[in-house]
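Here is a friendly note to read alongside the model. Please keep the 3D view open and find each item as we come to it.

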Amino acid sequence: MSWNILSQTFLWVIVICQFFVIFYLTRILSQFLTRFRTTGQKVEEMSLQVGTSAPLFRAKDSRGNTVKIHDYIGRDVLLFFSNPSCSTCESLLEKASSLEVPTFIISPERYSDERIKRYPQFIFLYDPNLLENYYIQKVPTLVVVDQYGNVATIGGANQFEEIQDSIRTRVDKQVQIG
């Protein structure tokens with residue numbers, strides 16, 4: 001094989017590799033830019049707002065069952081965005097176990113089987129895309145989705161008591177109506 005053919009082949013391999021690198025970087029940049037919106041002269045990072053429709057999702061839970069938030073329309077739901085290595089999240093799991101609403105524990109990492117067995121009342125979801133779809137920047141973040149599929153409350157660890165009171169008030173109203 002001549003040096004000419006070998007060098008041309010090598011250059012084509014480099015060109016193809018560069019194409020894939022550019023494609024990958026463009027994809028990452030596109031995902032980053034979709035998190036922002038322009039309002040007049042300002043650029044704001046998009047975030048979940050109280051009163052807006054909660055993003056719909058379908059995901060596999062820790063038992064392999066497909067879970068859809070749409071199936072919970074008509075009931076309030078707590079979405080608990082957490083991480084297995086977060087000690088604050090662990091203490092909030094204990095507190096949240098007494099709540100009387102379906103609770104989804106959504107994490108970018110899988111929880112251990114031991115923790116999943118410790119909290120059988122929760123639905124554990126491992127789906128990093130859900131954190132992105134709900135614009136979650138830090139954990140723990142708690143989101144209450146009302147019976148109509150709208151975001152009712154958003155808060156962190158410091159607002160847990162208010163969220164807990166809000167859930168109990170909402171459940172009591174639903175019981176009185178129903």
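1. Let us begin with the aromatic rings: F57, Y72, F81, F104 and Y134 are linked by ring pairs into a cluster. Rings of Phe, Tyr and Trp (its six-membered ring) pair if their centres lie within 6.5 Å; planes under 30 degrees apart count as stacked, over 60 as edge-to-face and the rest as tilted. By this rule there are eight aromatic pairs.

2. A word on the basis of this note: this is a predicted model, where local features need pLDDT of at least 70 and side-chain atom pairs count only at pLDDT 80 or more, while totals for chains, interfaces and linings use all residues. Residues are numbered from 1 along each chain as its sequence is written, and side-chain values use heavy atoms, leaving out hydrogens and water.

3. How far apart are the ring centres of F81 and Y134? They are 5.5 Å apart, and the pair is tilted because the planes stand at 45°. This pair links distant parts of the chain, 53 residues apart: F81 is in strand β5, and Y134 is in the loop between α4 (128-133) and β8 (141-145). Helices (H or I, at least four residues) and strands (E, at least two) are DSSP runs, numbered from the N terminus. F81 and Y134 are both buried (under 20% relative accessible area; exposed is over 50%, partly exposed in between, with a 1.4 Å probe and protein chains only).

4. Now look at the sheet. Five strands form an open sheet in the order β7-β6-β5-β8-β9, with mixed pairing; two strands pair if DSSP finds at least two bridges between them. At the edges are β7 (122-126) and β9 (151-156), each pairing on one side only. Strand β6 (residues 103-107) pairs with β7 in the parallel sense over five bridges, and I106 has L125 in β7 as its bridge partner.

5. Which residues of α2 are buried? They are C89, E90, L92, L93 and A96. These residues lie on the same side of α2, because they cover an arc of only 165° around the axis (the arc of the directions from the helix axis to the C-beta atoms).

6. Finally, the cysteines. A disulfide is a pair of cysteine sulfur atoms within 2.5 Å, and by this rule the count is zero. C17 is partly exposed, at 45% relative accessible area, whereas C86 counts as buried at 17%.
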